[in-house]
Amino acid sequence: VNDLPELFDLRLKARSMAFLFVAGAGVGCLTLVLPHSSDVNEPPIWGLAALAVALAAIVHRQADRLSEWHLHLMLAIGTLILTFANYWVGTTVFYPVIYTWVVLYAFYFFELPLALAHLGWVGANYFVLLLIQQPASPVVRWVLAIGTPAVAGLLISRLLANLRQGSQRALEQARELRESEARTGRILETAHDAFVILDPHGRVHAWNAAAEDMFGIRAREALGRLLADLVFPAEGRDAHHERRRELLARPGPVSGERIDVQLVRRDGTRFPAEAAVSRIEEGDSVLFAAFLRDLSAERHRDDERAALYREQAARREAEQVAEMVSGMQLLVDAALAHTTLDGMLGELLPRVRAVMGADAAAVLLTDEEEGDLVVRASTGGRPEESARVAFGQGFAGRVASAGRPQLVHDPPPNDLVDPAFREAGVASVVGVPLLADGEVKGVIKVGAAPPRRFSEEDLAMLRLAADRVALALDHARLYEREHRIAETLQRSLLPDHLPQLPGLTAAARYLPAAAEAEVGGDWFDVIPMAAGRVGLVMGDVAGKGLTAASMVGRLRSALRAYALEDHAPAVVVDRLNRLLWTELEESEMATLLYVVFDPVEGSVRWVNAGHLPPLMVVGDGLVHFLEGARGVPLGVMPFPTFEEEGIELAQGGRIVLYTDGLVERPGAVIDAGLSALAEAVRSAPEDVEELCDHLLGELVPAAGAGDDVALLAFCNEPVGEHFDVEMPAAPESLASVRAMLRRWLQQADSSEQEIAEITTACGEACTNAIEHAGAGGSGSFEVEGRLDGAAVDILVRDFGSWRPVREGDQGRGLSLMRALMDDVAVSPSAEGTTVRMRRLLNGASAE
Amino acid sequence: VSDLARVEVEERDDVVIARVEGELDLSSSPSAGEAIEAALPSSAHGLIVDFSALEFLDSSGVSMLFRLARRVTDHRQQLHVVAPDGDAVGRVLEIVKFERAAPVHATVDDALRTLRAALD
């Protein structure tokens, strides 16, 4: 079907016109054939009919080439032919009706203005015709001439216009309907969802491509069959019929009714589907349209989505756990990084606060003596002394007395002892007891200002934290105790006062490292040996703490034993190395400087096992390091070679032994420290005590040393007129006194025999003094010597109780004294015994 | 053996020679005496204490020597002491009249000879 304008295309207009001409010619011919009046002039009318047929033939044949204007011209010619025909027919009243055909054509096929123009042309022809034929009444003639065609033309044109509009609308509707149907058809056909139409009995009326795919059933197979038989499993068919009947009977519209169904494909596989059913009513007929959607993919997606949700939830949970664990790790790290309790707490509390998102945190520790809790550390800075709380009172007190974690919202203001909590505006607080060995050692509590409110989870978190804190607390306390033990042990290993030995003055200093560092392995010793020799030791055991301290103890006693056996220094050090290598743990290592001073010879011999070189200062500030005899540290090799070296130490000469703590500074090379030491020694006072103080003042920072500092200085004391020593009342002192006395007597120009005899006599007096002291004395004795011209006066004084002279050992001593000296006087008293002896010297020259 | 004194023991047939070096005073005498006693089997007939290399002797060393003499006598053994004439050690022995307890010789050979003669 063509468009509306095409209905009136030129070809149709032309053919209609040809038909009009032929029909007119036919009417003319019919008039002539039938019986008619004699007025009719027949021949011209035949001619007009022939002309009309000829014109019709031209129009018909040239239909494709004609324009609208040709048709207007042709119609005007047709009107003129009718006028001539009317003229030759005669004065017949009805004949002009034939003009109606022309007008009808014009109004049907042409636009209204042109149609009216044709009507005007018809009127003009008719008017001329009437003028020529002159009817009886001029009025009738005018009415006929103008009125007849006008009225007929208007009426007819009106009717035709209506018809035309009507047909046009109908055509449009038809077209739209067709398009709509086509569109709908295409939509339904290509729809993703299956679409079926059922009649009230359940027979299939439509079945689209998606339905074919969904069920594996072609449309031509499905149409006309019961849907129930096609796609429903046997057990679902009754329900389907029941539902269809219900929808059919339901009052009101049914549109998009959703129904979940189980359907089955041709291959027997079942799947879940959703049907959206609408009831379509057209007059008496009722149809059901249903969209069917396969839900198995959707269910699968639902499953996937659910799995995704589960996975995300699991991941969130894992992240929360990880966050908590890392938070916990933070707390544990803090607890372990610091060894002292205060240092640990100072580090820990801010972390607890951060991890828990709190505004204040505090640790209260149990004061076992007072039986209450003391704020030991708080995020609010240093706690006040008064920040104490009794068990059972306040929030922390209740946590402690209950021994259980507590969570409180909006506590009363006086419930919180720590000012930090009040200042933070805490409105939610959790506290957990610190438990160790089943006892409440303290409380850790954190508080938060609004809007943060702690939950049971926070409580659990703090509880975990508290476990770590309690552990760290124990660790820190253990460490502090061990630190104290190590310090005490090391102190006990260092001589609390140096023995006063003949020809030697010595001074020593030991500075533990600044706070929080462990006790180091620095040690020194002064060992009186045979013949007045003195062993001086400075050592540094690798490692810290209790292990190092006990190591020092073992090395010290071993070295004393070897030294007293009077081995050469190199042998002593070699044995120490063997001891360290074979008996002690493999990892043990120590540096050692062993110096033996012989006051009689005025010399030193030394062995250096990996230690810093001793520093010697002689004369007026001549300083140099004793670089020789340097070997590897003890414990690094099984058979190292230790060499020893010797040098004269003039009277008044001093030697300084030290550990690296004195010269090592962070960021500075050790050479700089050694130079500073040499400079400090050069400018130091002569007295060794003052020298030590001077060195510490110059070299150790005011804040304390980073490492332990041990310092030992000794001086080859010049021999003077007087001999004065105070010695411990022990048998070991005897050899030293004799050596010192020999050295002093050599100064006094005595003969070897005189020296030996005076020494022996003095030794007897000293032996007595030692034995007196052993019977409840003060633990020391004094020996004084005076040169009085050609005589030597010796005085030995003890502070013990006198034992009466009896035959035997002691009596033998007294007789020796009397035999060897010119004059002996023993003066016992309540305070002790004094022995005075005198011997005239003949001098070395007398021999 | 001790800090100051060292004892070296040598057995020649049934005679034990104990050579003492160093210094004998209150700190070293007791242990030196114990060492010598421990080195003397009851089967031995004689003991020679050699002070040739001793640098110092005081009353405690002398007491130790007297105790040795008593013990040797109790076991029917003989004690001889060697100390060079004129030096400090010999002078001390002289002063305390040690020769009352046991003979003192100048050399080990003298002591051995005397001991063998007495044993034969």
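Biologist: What covers the buried residues of H14(A)?

Modeller: The model is predicted, with local features requiring pLDDT of at least 70 and side-chain atom pairs counted only at pLDDT 80 or more, while totals for chains, interfaces and linings use all residues. Residues are numbered from 1 along each chain as its sequence is written, chains are lettered from A and ligands numbered from 1 in the order in which they are written, and side-chain values use heavy atoms, with hydrogens and water left out.

Helix H14 of chain A spans residues 394-402, and its buried residues are A:Gly394, A:Phe395, A:Ala396, A:Gly397, A:Val399 and A:Ala400. Buried means under 20% relative accessible area, exposed means over 50%, and partly exposed lies in between, using a 1.4 Å probe and protein chains only. The cover over these residues includes six strands of chain A: S6 (360-367), S7 (372-378), S8 (388-390), S9 (406-409), S10 (428-436) and S11 (439-448). Such cover rests on contact, which means heavy atoms within 4.5 Å.

A:Gly403 follows H14(A) and has a positive phi, near 70°. In general, most residues other than glycine have a negative phi, and most peptide bonds are trans. A:Pro450 and A:Pro451 are joined by a cis peptide bond, with omega about 5°, and A:Pro451 is placed in the loop between S11 and helix H16 (456-493) of chain A. A:Ala629 is another residue other than glycine with a positive phi, near 55°. It is found in the loop between strand S18 (622-625) and strand S19 (630-631) of chain A, and it counts as buried because its relative accessibility is 9%.

The whole of chain A comes next. Chain A has 23 helices and 27 strands, and 46% of its 847 residues are buried. Of the contacts in chain A with a separation of 6 or more, 62% are between residues 24 or more positions apart.

In soluble globular proteins, nonpolar side chains tend to be buried together. A nonpolar core is a set of buried Ala, Val, Leu, Ile, Met, Phe, Trp, Tyr and Cys residues joined through side-chain atoms within 4.5 Å. The largest such core has 121 residues, and the members touching the most other members are A:Leu559, A:Leu592, A:Tyr594, A:Phe714, A:Met837, B:Leu47 and B:Phe51. Helix H17 (residues 545-564) of chain A contributes nine residues, the most to this core. Another core lies apart from it, with 35 residues, including A:Ala14, A:Leu75, A:Tyr105 and A:Leu129.

Chain B has four helices and six strands, and 52% of its 120 residues are buried. The contact between the chains takes 26 residues from chain A and 21 residues from chain B. Chain A and chain B bury about 1,900 Å² between them, 58% of it on carbon and sulfur atoms; buried area is the accessible area (1.4 Å probe) that two parts lose on being put together, summed over both. In chain A, the residues losing the most area to chain B are A:Arg738, A:Arg812 and A:Leu816, together 27% of what that side buries.

There are three salt bridges between chain A and chain B, a salt bridge being a side-chain nitrogen of Lys or Arg within 4 Å of a carboxyl oxygen of Asp or Glu. The side chains of A:Arg738 and B:Asp25 form a salt bridge at 2.8 Å, N to O. Helix H21 (733-747), helix H22 (752-774) and helix H23 (809-820) of chain A each supply at least two residues of the side of chain A that touches chain B. H22(A) gives the most to that side, with nine residues.
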